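Student: Could you walk me through reading salt bridges in a protein model?
Tutor: Gladly; let's look at one together.

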Amino acid sequence: MGEVFGSIWWLLVALGLLVTFHEFGHFWVARKFDVRVLRFSVGFGKAIWSRRGRDNTEYVIAAIPLGGYVKMLDEREGEVSPQDLGQAFNRKPVWARIAIVAAGPVFNLVFAVLAFWLMFMVGIPEYRPVIGSVSGIAAEAGLEPGDAIVAIDGLDTRTWSHAVLELVAQALDRNSPRVTVEDADGIQSDHVLNLLALGTDFSEENTLEAIGIEPWRLEVPPVVGEVTEQSPAAEAGILPGDRIVNINGDEVNSWGAIGQLVQTHGSDGQALAVKIDRDGALLEIEVTPRKEKTGTFSSRLLLGVTNAAISDDKQALLERAAILLRLGPVEGLGAAVKETWRLTGSTLGLLGRMVTGKASVKNLSGPISIAQFANRSASLGLSNFLFFLGAISLSLGILNLLPIPVLDGGHLLYYLIELVKGSPVSEQTQVAGQYFGLIALAGLMSLAFFNDILRLVG
């Protein structure tokens, strides 16, 4: 339950920040154009907190935290006294209304840049796209284990997330991209991936596997290095140098498997059957893991052991693959703008491919997946949570700019039509558009929620 509450908490934190920033964009620009703001609400539904400011605006936190709104003085929504007509939204020039409506998504974009900027200044741990093994298309192109992917068609790919996003787009379009790699000696070479050879059953979720690229991973043997005093492992008699070979009947092949099996089979206060190899002799012991907090709303079952030191060769590979990217204010701002531009292009490209059928609509994520991502990123530290906030803010900004009535993009479409034809879109057309927009938005949300459920049971 700790993970569930953690996911809900960090989802509320993220949505609270992003919705407030988005709506503040509308609010701030509306005030600059002397439009009276009647209500600034974070959330929908019944108000759980409200106060009226000196500016006579009602500030509200509502019960359903899945959005928000800024209600402005408008003759279409109620009677306006003659002395207040100059402050009505609908009486403002069309270019002013465009600026007010566009301000929300623009502020989402600004928030993304700020989040990425702070992330780069704090420092974010990254993994370079170092290849572990190759087969199929990758092997035919001449890629080799130990190569690091540094560019794809000239675009820098300093991390696995960069490399995967580029490869997914190239694979969906069945291109033949030029991949620049760097070997352990720093020598670079170019290779062409023949992605036309991908089968008809290709799925973007398995892009690397389909191409034949296995990322390098540090394989740490399950050998105990240190045992914490008065820990479950110490009380069970585990010693430094012991190799853990089996937990509750499941074979242990790497150090990472230990934690996974403890969480799978264990429970607080219940003993696990652990088989260890001590100097060639197999011993069976019982270890009772202990649940300890690992975050504000998360906890894990722990044995109280750390792994033995890795070999010099593995240490050298780890130092080559793992980096801490920390930049100064000026360089960090430039990197933040580039990251925002890169993610914007990737998001728009994926949306376009979903519309044309090249990409699966399974890529849509709903509140459950977003909550899980929020909790996971928060548990990994500030820089990862900042990246999550920036990416979600950018996605919200792009979503709101879609030309769907009820979204900001739908209103902007109406105003652009008004600019062209010289008069507002008829009220009848706007009402019909509202119905269409509600149906389209409900469909998108239902599909995203359905995808969430499939991920949970899959």
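Predicted model: local features only at pLDDT ≥ 70, side-chain atom pairs only at ≥ 80, totals over all residues.

Tutor: Residues are numbered from 1 along each chain as its sequence is written, and side-chain values use heavy atoms, leaving out hydrogens and water.

Student: How many salt bridges does a search of the whole structure find?
Tutor: Side chains of opposite charge can pair when their charged atoms come close. A salt bridge here is a side-chain nitrogen of Lys or Arg within 4 Å of a carboxyl oxygen of Asp or Glu. The search finds 14.

Student: Which residue forms a salt bridge with Glu418?
Tutor: Arg97 does, with the closest N and O atoms 2.9 Å apart. Glu418 sits in helix α12 and Arg97 in helix α2, so the pair ties together parts 321 residues apart in sequence. Helices are DSSP runs of H or I with at least four residues, numbered from the N terminus.

Student: Are Glu418 and Arg97 buried or exposed?
Tutor: Buried means under 20% relative accessible area, exposed over 50%, and partly exposed in between (1.4 Å probe, protein chains only). Glu418 and Arg97 are both buried.

Student: Which residues are linked with Glu339 in a network of salt bridges?
Tutor: Arg158 and Arg342. The Glu339–Arg342 bridge is 2.6 Å, N to O, and the two lie three residues apart in helix α9. For Glu339 and Arg158 the closest N and O atoms are 3.8 Å apart. Glu339 counts as buried at 5% relative accessibility, whereas Arg158 is partly exposed at 23%.
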